[in-house]
Amino acid sequence: MKFQQGYSQKQQQTQKLAMTQELQQAIQILQFNTEELQDYVETVSLENPLFEVTAPKIQSDLMQMHHGAAKEDTFFQIADRPVSLFEYLINQIHLNYRDTFIREIMLALVEYVDVNGYLKVDEERIKKELDATDIQYLDALTLLQQLDPPGVGARNLQECLMLQTEQDDYAPDLAYLLLEEAFEKIAKRKFEELAKEYQVSLPQIQQIMDYIRTLDPFPGAGFGEQESNFIIPDLTLVRRAGQLVVLSNKRGQLRLNFQENYFNRLKEQADEETKVYLKEKLQQFEWLNKTLGQRKDTILEVGKIIVQQQAAFFEEKQGALKPLMLKDVAKQLEVHESTISRAVNGKYIETDFGIFELRRFFVNKVNDEDTSADEVKQVIAALVKNEDKRKPLSDQKIVELLAEKGQKISRRTVAKYRDALKIPSSSKRKRFD
């Protein structure tokens, strides 16, 4: 076996995109949300004496974002430290009850109230540890369960709902009694059995059931939660001459103020080393200012296409969304799909009916048809809204009605969309009034 080795020289030309540090930073700047961008720019300004940053100010008309919540003209306030349920209960006990053994038991029991407001304790063990009689323990428990919020200190869901009903002067007649004696039948919606057993009409049972649904199964869950962050939208949608117009939100923009006098003074007196330093910082300022402008323009152009493609949503104030993909917008702007992804994540548009993340407006087609999941959900919601409540539509019936409208959706998909809309099953939607 002969071993041969040959050598040759070839010149091959390839084209590669060099991921320079500046390009990496530009990509990162596009990806930043408003708060992250402000932190980044202010950090750069600390190392560059040639410019100062004017950050957007939170003003009295700043809107609180709840993924589409309506705007509120309120004074901006810094929220107090959230009060925990434990602290709230302890404060009530100290304010309302004298220093007695019963209060001591109450204070001990509070430590066993979980974040949802339920008392999770081994009662026999705690009575033994505190050397409390059955009557003393029951007195303390009764007083604990009278504290705010209503339902706190309950040992199970049934007791929680009973406590809330007991403290409500406007609770329907029989509501407390039904919760106490027929809780399982209520849970299983045995309307006819309840009406016959308690000798009342079906509409009366329906009224009681409607009331029970308004009660809070987790009375302690709202304590200790942080308030939603205030945000400054990147875009604003206005109507001019009957047309929807997308604008960059000026109040949310960072401004770089070049210190020209400072620069000229140093330049005149500088040695060669200082001149090199000034040139470097000047280039950094110019690049950053240009990149911020490009970021603003990119988000604005993306916003314009979104509003154009999803006009029904904005015209009808949360109308149905049309299918829209990142690649569709990328093609129109002749950029990479990842650029669009960075331009919409964490960026918001302000309208007269709420603030929405740009990412929200990208929805896939259903079954490769020119229909979005959002459109199908709206049709389902409309069908359920207009159904005969005595004979609610089953998921299969909804499938058939959708098919009549040219929307071929499986029963499993209908059930998934119905759950997403928080619409109960047909058996739980049935009413008797």
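Predicted model: local features only at pLDDT ≥ 70, side-chain atom pairs only at ≥ 80, totals over all residues.
**Exercise 1.** Locate Leu174 and classify its accessibility.

*Solution.* Step 1: the loop between α7 and α8 (175-181) contains Leu174. Step 2: phi of Leu174 is positive, near 75 degrees, in a residue other than glycine. Step 3: because its relative accessibility is 30%, Leu174 counts as partly exposed. Step 4, for context: most residues other than glycine have a negative phi, and most peptide bonds are trans.

**Exercise 2.** Identify the residues joined by a cis peptide bond.

*Solution.* Step 1: omega is about 5 degrees for the bond between Asp148 and Pro149, which is cis. Step 2: Pro149 belongs to the loop between α6 and α7.

**Exercise 3.** Describe the second largest pocket by volume, lining and residue class.

*Solution.* Step 1: the space in this second largest pocket is about 420 Å³. Step 2: its lining comprises 13 residues, and Ile186, Ala187, Met209, Ile212 and Arg213 lie nearest the centre. Step 3: at least two lining residues come from each of α7 (157-166), α9 (183-187) and α11 (202-213). Step 4: the lining of the second largest pocket divides into ten nonpolar, no polar and three charged residues.

Terms used
Residues numbered from 1 in each chain as written. Heavy atoms only, no water. 1 Å grid on protein atoms, 1.4 Å probe; cavity = no way out; pocket = protein on both sides within 12 Å on 5 of 7 lines; lining within 4 Å. Points joined across faces, edges and corners; volume = space filled by probe spheres on them. Helix = DSSP H or I, 4+ residues; strand = E, 2+ residues; numbered from the N terminus. Nonpolar A, V, L, I, M, F, W, Y, C, P; charged D, E, K, R; others polar. Buried < 20%, exposed > 50% of the residue type's maximum accessible area, 1.4 Å probe, protein only.
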